[in-house]
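Hi,

Here is the structure I promised to pass on. Have a look through it first, and then read my notes below.

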Amino acid sequence: MNEPLAVKMRPNSLKDVIGQEHLVGKDKILYNLVKNKRLFSMILYGKPGIGKTTIAHVLISELGLRYRMLNATIHNKKDFDVVIEEAKMYGGLTVIMDEIHRLNKDKQDLLLPYLESGLITLIGMTTSNPYHKINPAIRSRCQIFELHELEEKDIEKALKQVVKKEILPKMKIDAKVYGLIARMSGGDLRYAYNLLEVAYYSSRDFHITEEVISSINSKPVFFHDKNEDGHYDVLSAFQKSIRGSDVDAALHYLARLIEAEDLDSIYRRMSVIAYEDIGLANPSMGPKVMAAIEAAELVGLPEARIPLGTVVVELALSPKSNTAHIALDAALNDIRSGNTGNVPNHIKTSSKDYKYPHDYPNAYVAQQYLPDRIKNKKYYHPKGNSKYEKMLKEIDEKIWNIKQRMNKEGL
């Protein structure tokens, strides 16, 4: 069988894992689990090609555990029954499960009691956020570990190991190729290995040059341009140009991203901009951005540039406000620092003392909502630099004055 290079390069010990130092580094959590010869059910999540499967197999290898592989989508209930019977036979089994976010209810119900008893130790893997996509019953029985994106230096390090170990015999590789493949891979080590292997077998005399790589993947590399600007620098410049209301610069950086066909990054960044930078100054921009994204997805490139260009012009020239997310950040800071308090009794569930605002004129009645400890806290500070936020500012000031009068009167 012709094993892919990615499989041949898969490490057998944590010290050889590329990246993920926050999990596998000395005295970090997975390092210590191996050191103490103990494994718990866990879910590993993160982008493709950053080491989820590798870490799962390394844990099994280091601890010498009996295991079976399952895929939540491909394997049926009968396959799960076989694994459970095997676990009973051997008094325990580790199950490595890919795409765990796709586990249906029947399979969950089958697994749960054995996870609970410890007969099965689960290592689940997913590219989806487990807090949103994985059933709470499974989630509550697992520790969740997020894997970080690999940096270009991590990818280059891994590629150089291929040469050092002579995995691909007689290979010659130009020094600049490592960086080029790393930039093209977008943090996906599996993709980087695959590209290197294809280049090796498709090159003359196994000599890999930048020209060879470009002939395989002719798509523009959006991680850099002629001046080797970083991909994230371009995205940063895109957002900051819109924030600074420079429509021409915004269109310039949008054009770079379109030329690279990096629509996903454009969509994500515009969605953030609509709420982080425009916010309450022009709340219609959120739905407009989503409509432009839907239109771009519907027509595809090259026509996608038309709705994207239209909405970026409007984003850049729109009034700006960051008051809402600044207010939320201030509230989050209080929560994280312990500056909270008990929910007032009259707004607790089923309280008989709660005053229903819709029973009062203008749907407002004076009553305290914040905990006593922070009842005078002010998070939201409207700017009033747009017609919409000016209206919110007037309402906010009116309610704030009523609250202050309540406090003075001891209500």
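Let's start with helix 10, which covers residues 175-185: 9 of its 11 residues are buried, so the helix is largely enclosed by the rest of the structure. One thing to keep in mind as you read is that this is a predicted model.

Which residues of helix 10 are the buried ones? They are V177, Y178, G179, L180, I181, A182, R183, M184 and S185.

**Two helix pairs**

Are they roughly parallel or oblique? If you wonder about the spacing of the numbers, an α-helix has 3.6 residues a turn, so residues three or four places apart point the same way.

Now try the other pair, helix 14 (residues 247-259) and helix 17 (residues 305-317). Here the axes are 9 Å apart and the angle is about 150 degrees. Anything over 145 degrees counts as roughly antiparallel, so that is the label for helix 14 and helix 17. Helix 14 passes helix 17 in a right-handed crossing. From helix 14, the contact uses V247, A250, L251, L254 and I258. From helix 17, it uses R305, L308, G309, V312, V313, A316 and L317. By class, this contact has 10 nonpolar residues, 1 polar and 1 charged.

Next, find N71 in strand 2 (residues 67-71). Is N71 buried or exposed? Its relative accessibility is 9%, so N71 counts as buried. The N71 side chain reaches the backbone nitrogen of I74 at 3.2 Å. Leaving out residues up to four places away in sequence, N71 touches D98 and E99.

T94 sits in strand 3 (residues 93-98). With a relative accessible area of 5%, T94 is buried too. What does T94 touch, once residues up to four places away in sequence are left out? The list is L39, I60, L65, R66, Y67, R68, T121 and I123.

A137 belongs to helix 8 (residues 136-139) and is partly exposed, at 23% relative accessible area. A137 and Q108 are 29 residues apart along the chain, and their C-alpha atoms are separated by 8.3 Å.

K383 lies in the loop between helix 18 (323-336) and helix 19 (387-409). It is partly exposed, with a relative accessible area of 43%. In sequence, K383 and N322 are 61 residues apart; from C-alpha to C-alpha they are 8.9 Å apart. Not counting residues up to four places away in sequence, K383 touches S321, N322, T323, E389 and K393.

Most residues other than glycine have a negative phi, and most peptide bonds are trans.

- D27, in the loop between helix 2 (21-24) and helix 3 (29-35), has a positive phi near 70 degrees. It is partly exposed, at 46% relative accessible area.
- F206, in the loop between helix 11 and strand 7, has a positive phi near 60 degrees. It is partly exposed as well, at 28%.
- The peptide bond from L301 to P302 is cis, with omega near 10 degrees. P302 is in the loop between helix 16 (285-299) and helix 17.

Cheers!

Terms used:
Residues are numbered from 1 along each chain as its sequence is written. This is a predicted model: local features need pLDDT of at least 70, side-chain atom pairs count only at pLDDT 80 or more; totals for chains, interfaces and linings use all residues. Side-chain values use heavy atoms; hydrogens and water are left out. Buried means under 20% relative accessible area, exposed over 50%, partly exposed in between (1.4 Å probe, protein chains only). Helices (H or I, at least four residues) and strands (E, at least two) are DSSP runs, numbered from the N terminus. A polar contact is a pair of N or O atoms within 3.5 Å; within protein, one must be able to donate a hydrogen and the other to accept it, and residues adjacent in sequence count only if both atoms are side-chain atoms. Contact means heavy atoms within 4.5 Å. Axes are lines fitted to C-alpha atoms, for helices over the stretch in contact, and angles run from 0 to 180 degrees between N-to-C directions. Angles under 35 degrees count as roughly parallel, over 145 as roughly antiparallel, 65 to 115 as roughly perpendicular and the rest as oblique. A crossing is left-handed if the near helix is turned anticlockwise from the far one by less than a right angle, and right-handed if clockwise. Ala, Val, Leu, Ile, Met, Phe, Trp, Tyr, Cys and Pro count as nonpolar, Asp, Glu, Lys and Arg as charged, and the others, Gly among them, as polar.
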